[in-house]
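Trainee: I have just opened this entry and would like to learn how to read it. Could we go through a few features together?

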Amino acid sequence: MLSFNTLVAVCLLYVILLFLVAFGADRSAARNKNRFLSSPLIYTLSLSVYCTAWTFYGAVGYAARSGLEFVTIYLGPTLVMIGWWWFLRKLVRVGRAQRVTSIADLLSSRYGKSNLLGVIVTLIAVIGTTPYIALQLQSVTLAFSVFARDRSAGWSVPDLDATALWVAGGLALFTILFGTRNLDVNERHHGVVTAIAVEAVVKLVALLAVGIFVVWGVGGGPAGIAQAVDQAMRAAPDGAWSITGGRWVGLTFLSAAAFLTLPRMFHVLVVENLGERQLAVASWAFPTYLFLMSLFVVPIAVVGLGTLPAGENPDLFVLTIPLHFDQDGLAMLSFLGGFSSATSMVIVASIALATMVSNHIIMPLWLSIRPEEATVSGDVRQVLLAARRLSIIGVLVLGYLYFRMSGGGTALAAIGMISFTGVAQVLPAMAGGLLWRGASRNGAAAGLVTGFIVWAYTLFLPSFGDAGLMSASLLAEGPLGLAWLKPQALFGVTGLDPVVHAVFWSMILNSFAFVGVSLVSFPGPLERLQGAQFVNVLDHTHQTQGGIASAAVAEDLLVMAQRTMGADAAQTLFQTQASAQGKEGYLPDTTPDFMARLERELSGSVGAATAHAMIAQIMGGATVSVDDLMAVADETQQMLVYSSQLEAKQKELTTTARQLSAANEKLTKLSIQKDAFLSQISHELRTPMTSIRAFSEILRDGGIRDAEAAEKHASIIHDEALRLTRLLDDLLDLSVLEHGQVQLNPQREVLSKVLDRAVAATQSLIVAEDLRIHRDLAREQIVIATDTDRLAQVFINLIANAAKYGDAKFKRLTIRVGVRDGVLRIDFVDNGSGIPTESQVMIFEKFSRLTDNAAAGGAGLGLAICREVMDRLGGAITYLPGQRGAAFRVTLPLEKIPHRG
Amino acid sequence: MAKQVLVIEDEPNIVAAISFILSRDGWTVGTHANGETAVQAVLEAKPDALILDVMLPGRSGYDILQDLRAHELTRRLPVLMLTARGQRTDREQAERLGVNRFMTKPFSNAEVVETLNELVPG
């Protein structure tokens with residue numbers, strides 16, 4: 001016989017084992033050593049917190065009362081897991097991308113980081129979970145009571161309330177130790193998860209062991225079981241074992257919804273998830289686990305009904321059957337299975353609830369009381385840890401109080417259903433938030449509150465019975481006698497099971513309120529942004545193993561930085577920082593160092609305050625809307641681009657302006673020159689005309705007896721007429737040259753001969769001006785093939801210029817000939833004062849003449865003609881500065897000269 | 001006593017023509033071809049009238065006229081300006097500076113003689 005002390009000792013040993021497992025797993029995780037901890041197997045087993053004491057003990061009771069209906073409790077989660085690719089994957093991806101810490105945080109985050117929603121969901125979760133925790137305490141107490149029954153020997157402490165208190169205290173200790181050891185940003189608890197995985201195995205093994213004992217040890221194999229089933233069905237009250245469609249659909253939906261929305265399920269499914277690989281494996285492994293858990297439920301139920309005395313509580317068949325057949329070891333194992341189920345649920349649920357309570361209720365309150373110290377000093381972590389621990393204790397105290405209040409009178413399954421329905425109210429807002437961008441914060445709040453009220457009114461409050469908050473008359477006749485408001489028959493819908501009735505009305509009204517208010521309310525910018533990120537999470541995030549939350553934030557930061565600093569600069573910064581951290585790609589971890597560096601960089605673009613606000617916004621917590629900041633960033637970026645473009649343009653403009661200014665200056669000079677030329681040409685034409693007219697009038701008037709004088713007058717007329725002709729010839733020549741209509745007559749000639757001709761043509765001027773010409777005849781013996789008449793014309797001009805404009809006392813002109821790089825060079829250098837620098841660029845322009853010296857006899861067309869001629873010949877004429885006197889260089893490429901023999 | 005005229009002009013053939021027609025009319029003709037020394041030449045020659053070209057080497061006829069009008073001895077000296085640049089602005093400038101007569105080249109011999117005789121009657 002098992003003594004109470006033995007039972008307690010085994011329990012203590014088991015608990016110590018769990019402590020060791022959790023401790024070892026935490027240490028191993030801290031060293032990042034154990035890959036096993038992140039394996040899909042551990043994840044799958046941790047999901048078994050779904051199977052609480054309710055499923056461990058209660059499923060058999062459920063089957064004993066209602067036949068196969070208990071299967072709905074397993075069917076819902078199975079459907080969710082099988083359809084994981086469609087919804088669960090999205091939920092997990094969002095949870096990781098947004099660093100979601102709880103289901104309350106998920107809704108708060110989705111709807112514009114609204115803490116109101118966080119508070120509502122937290123309250124719903126606490127109220128919905130408290131009965132469930134009480135249920136676990138009750139199950140452990142009941143289990144103890146089973147052992148205590150009939151065995152007075154050794155059972156000196158059968159105080160059940162005290163047992164529950166001890167269990168609650170122990171669970172609080174364990175949860176605080178392993179649930180709040182550290183404040184991991186991702187809220188992951190390797191120790192707890194591993195301990196729960198161990199418990200999952202114990203549960204399964206225990207139930208399978210009892211099942212195998214029942215089928216082959218008591219029931220006489222499958223055939224005997226089938227017989228027992230028949231017997232049980234006949235013995236059951238009318239319709240109790242029959243399958244009704246409405247209830248099946250309703251309960252399956254309820255269990256599926258609860259699987260997603262129960263705080264502890266959300267915690268193990270999403271928060272503790274370490275990658276989608278885990279999810280993929282769990283999608284088939286967890287349904288398998290559920291299948292095994294449910295495999296022997298019916299056999300145990302029917303064998304219990306058939307073999308145990310009437311009136312035995314079917315919820316405890318798992319324990320009472322082995323005890324009935326004196327299988328103490330098996331009973332012990334079964335007890336540990338139920339104990340595991342209860343403890344794992346309480347531990348995870350209290351961690352999840354404590355996270356929500358401390359994050360959404362305690363911390364906001366505390367921060368509003370002492371806002372300044374909180375942000376300045378580093379003691380937020382300590383406060384948060386204390387808040388967690390207090391919340392865990394608070395949750396367990398609530399559960400214990402509920403246990404004491406309810407008096408343990410209600411069937412286990414009923415309490416489970418009440419909890420399920422309560423937390424399922426979160427489903428519309430959660431699913432809507434993930435699938436529908438139009439979902440708004442107000443809609444979510446309206447749906448949650450509506451659903452919660454309907455649930456409380458139709459299911460939760462009536463569950464307390466007459467002793468509770470609702471009087472028997474209210475339940476029977478409705479408030480103020482309004483029959484259509486009867487809590488269990490709303491709007492005149494009667495004949496439904498209370499749970500199905502509550503699920504139906506709460507979910508319907510919840511969804512209506514959610515969709516309706518969403519449609520008429522306008523979400524804020526942050527809400528829209530978050531909505532887009534949630535709904536489209538599969539489009540723009542990539543599955544990675546761990547660290548995705550950080551990466552998602554880093555990506556947001558990169559987007560922001562690109563808009564602020566420009567794409568290249570931002571990408572370079574991020575890549576450099578990432579590689580400094582030893583990471584590939586563009587997304588570094590958001591370490592304090594990196595954030596400080598980024599803020600500094602951003603400050604350079606938008607100023608420190610804005611940079612801080614931007615980063616604060618992306619890291620979470622600021623009140624400026626992201627859209628606004630994005631707009632600011634866009635503007636800044638545009639301004640930066642614009643100003644850099646402006647700078648480039650400015651440089652370009654400066655260059656252009658300089659060029660324009662030079663051109664303008666030249667044009668102005670040319671314009672002035674042109675005006676001057678008009679005067680000049682007038683002068684040049686009128687001057688000879690004056691002489692011609694004057695002397696022709698003299699001759700016409702007659703009376704000149706001196707024949708010699710008359711002849712002299714006539715010769716002046718002749719000379720001036722020639723001068724006019726020359727001027728006209730020059731103008732025409734220039735015009736022809738300028739318009740490219742010139743006919744060239746290339747011929748082969750020795751350079752010296754050409755120069756000889758030029759000197760000869762200017763001989764009279766040379767003599768008159770007493771110009772001495774120095775030549776190196778030996779160097780001039782170069783055969784050239786070009787239009788030598790035109791070349792001579794250039795030479796004549798240069799020699800005449802030296803003669804006319806040379807201002808030295810003894811005028812001298814040196815003609816130097818050379819060849820360099822296949823180019824013939826002929827320099828004409830005189831010993832005059834030369835041409836002023838400012839005039840050097842102008843002298844080849846038409847109409848330019850530096851002096852008014854009428855004796856020069858030209859209109860300033862000579863050098864302009866020279867330039868045009870050399871251009872036509874393929875050469876050039878330039879002014880050669882720095883030669884003391886006026887110096888002109890005529891160049892002519894020799895390669896272009898065709899060699900003819 | 002014959003009336004004396006000074007011709008300041010750099011084109012030798014024009015100087016020859018003016019000298020011929022005025023000598024024939026009984027004027028005593030002096031000539032000067034350089035702009036820079038023209039004012040000095042006028043002050044030295046003390047002519048009864050002056051024929052002044054505009055485009056002269058060294059100094060323009062306008063500058064010379066301005067100097068002459070500023071000088072006590074030549075303030076009222078009758079000046080006939082001859083220019084080969086026929087623009088209106090030239091005439092306006094000359095009149096602003098106090099020219100007595102302004103003629104554009106080529107001129108009529110008779111008109112030059114007539115004008116000078118008007119400027120220096122008797």
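Trainee: At what angle do helix 11 and helix 23 of chain A pack, and how far apart are their axes?

Mentor: First, some ground rules. This is a predicted model, where local features need pLDDT of at least 70 and side-chain atom pairs count only at pLDDT 80 or more, while totals for chains, interfaces and linings use all residues. Residues are numbered from 1 along each chain as its sequence is written, and chains are lettered from A and ligands numbered from 1 in the order in which they are written.

Mentor: Helices (H or I, at least four residues) and strands (E, at least two) are DSSP runs numbered from the N terminus. Axes are lines fitted to C-alpha atoms, for helices over the stretch in contact, and angles run from 0 to 180 degrees between N-to-C directions. Here, helix 11 (residues 245–261) of chain A packs against helix 23 (residues 498–520) of chain A at about 60°, with the axes 10 Å apart.

Trainee: Which word describes how helix 11 and helix 23 of chain A lie to each other?

Mentor: Angles under 35 degrees count as roughly parallel, over 145 as roughly antiparallel, 65 to 115 as roughly perpendicular and the rest as oblique. Helix 11 and helix 23 of chain A are therefore oblique to each other.

Trainee: Which residues meet there, in helix 11 and helix 23 of chain A?

Mentor: Two residues are in contact if their C-beta atoms, placed from the backbone, lie within 7 Å. From helix 11 of chain A come A:Gly246, A:Arg247, A:Gly250 and A:Leu254, which meet A:Val500, A:Val503 and A:Phe504 of helix 23 of chain A.

Trainee: And where do chains A and B touch, or rather, how many residues of each are in contact?

Mentor: The contact joins 18 residues of chain B to 18 residues of chain A. On the chain B side, helix 1 (residues 12–24) gives the most, with six residues.

Trainee: What does UniProt place at B:Asp53?

Mentor: UniProt positions are given in the numbering used here, with shortened feature names, and annotations may be inferred rather than shown by experiment. An unreviewed UniProt entry places "modified residue: 4-aspartylphosphate" at B:Asp53. B:Asp53 belongs to strand 3 (residues 49–53) of chain B.

Trainee: Is B:Asp53 buried or exposed?

Mentor: A residue is buried if 20 or more other C-beta atoms lie within 10 Å of its own, exposed if 12 or fewer, and partly exposed in between. B:Asp53 counts as buried because it has 26 C-beta neighbours inside 10 Å. Leaving aside neighbours within four places in sequence, B:Asp53 is in contact with B:Ile8, B:Glu9, B:Asp10, B:Gly61 and B:Leu82.
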